[in-house]
Amino acid sequence: MTGGTSGIGKQTALALLHEGYTVYELSRRETGVEGLRHIVADITKEDTVKAAIDQVMAAEGHIDVLVNNAGFGISGAIEFTATEDAKRLFDANFFGMVNLNRHVIPVMREAGSGRIVNLSSVAAPIPIPFQAYYSATKAAVNAYTMALANELRPYGVSVCAVQPGDIKTGFTAAREKVIVGDDIYGGRIERSVHRMEHDEQTGMDPAVAGKFIARVAMKKTVKPLYTIGGSYQLFVILSRILPCRFLNWLIGLLYARS
């Protein structure tokens, strides 16, 4: 799995370890977590990803489950967010996942079995103003996941995405904030991000989320998308049935009020 040294990723990895899995985790950090087999790799660089997968295959000969968890967030007004920063976000949150999957899919397809779990977010079906690019990366994860699931179904490889809501992790502190233009936007950027960060830091214990993801990874069969938490499941259902105009008005009321 990727991003297994902290937050949801660490808790997912430990939950799988508890269930008897041998867990390899990839991250850029030099030091891993006790009990997990740590490989230093940058998921945005395909050569390091290939080397990591080759290392796992040399040691184990098979890969049963892949959890794509690594990523980060940025916030700010679209107008004032550099395109280069948006591309860097997509490189980590979307194309990093793509890099892992490209090298793991052949292994699973040839084995005739395997499970790929991609980490998405409730921010995919409920796009959050001033975090538009983060929402866009996760919406891309959902679309990719559903397409890939149909491509791989005949080969015994199942694919799904899990959408967490607000989780209390270091993700909040690591978010890259662009506050340029907040005066032009009447302080709405800062208020929106403050609301989001408050919700995150009073949110779900990452251990609960990790156990949920681990259970999904171990299911015999999966549906394409899962949402963690009853209230967030309700929000996602509402996002499907409410008229887009009304849904976007509600989102704006929560996160983009003047």
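The sections below take up the basis of the model, then the patch, the pocket and the cavities.

## Basis

This is a predicted model, in which local features need pLDDT of at least 70, side-chain atom pairs count only at pLDDT 80 or more, and totals for chains, interfaces and linings use all residues. Residues are numbered from 1 along each chain as its sequence is written, and side-chain values use heavy atoms, with hydrogens and water left out.

## Surface patch

Phe246, Trp249 and Leu253 make a nonpolar surface patch of about 300 Å². Patch residues have over 30% relative accessible area and no salt bridge, and nonpolar side chains (Val, Leu, Ile, Met, Phe, Trp, Tyr) are joined within 5 Å, like charges within 9 Å. A salt bridge is a side-chain nitrogen of Lys or Arg within 4 Å of a carboxyl oxygen of Asp or Glu. Areas come from the Shrake-Rupley method with a 1.4 Å probe, and for residues only the protein chains shown count as cover.

Trp249 belongs to helix α9 (residues 244-255); helices (H or I, at least four residues) and strands (E, at least two) are DSSP runs, numbered from the N terminus. Trp249 counts as partly exposed because its relative accessibility is 48%, between the limits for buried (under 20%) and exposed (over 50%).

## Second largest pocket

The second largest pocket has a volume of about 360 Å³. On a 1 Å grid over the protein atoms alone, a pocket is an open set of points with protein on both sides within 12 Å along at least five of seven lines, a cavity is a set where a 1.4 Å probe fits but cannot get out, and lining residues have an atom within 4 Å of a point. Points are joined across faces, edges and corners, and a volume is the space filled by probe spheres set on them.

Of the 18 lining residues, Thr22, Tyr24, Ile63, Asp64 and Val65 lie nearest the centre of this pocket. At least two lining residues come from each of β1 (24-27), α2 (46-60) and β3 (65-68). The lining has 13 nonpolar, three polar and two charged residues; Ala, Val, Leu, Ile, Met, Phe, Trp, Tyr, Cys and Pro count as nonpolar, Asp, Glu, Lys and Arg as charged, and the others, Gly among them, as polar.

## Cavities

The whole structure holds two cavities of 30 Å³ or more. The largest cavity, of about 70 Å³, is lined by 13 residues, with Asn68, Asn69, Ala70, Asn93 and Met97 nearest its centre. Helix α3 gives the most to this lining, four residues.

Note on methods:
Buried means under 20% relative accessible area, exposed over 50%, partly exposed in between (1.4 Å probe, protein chains only).
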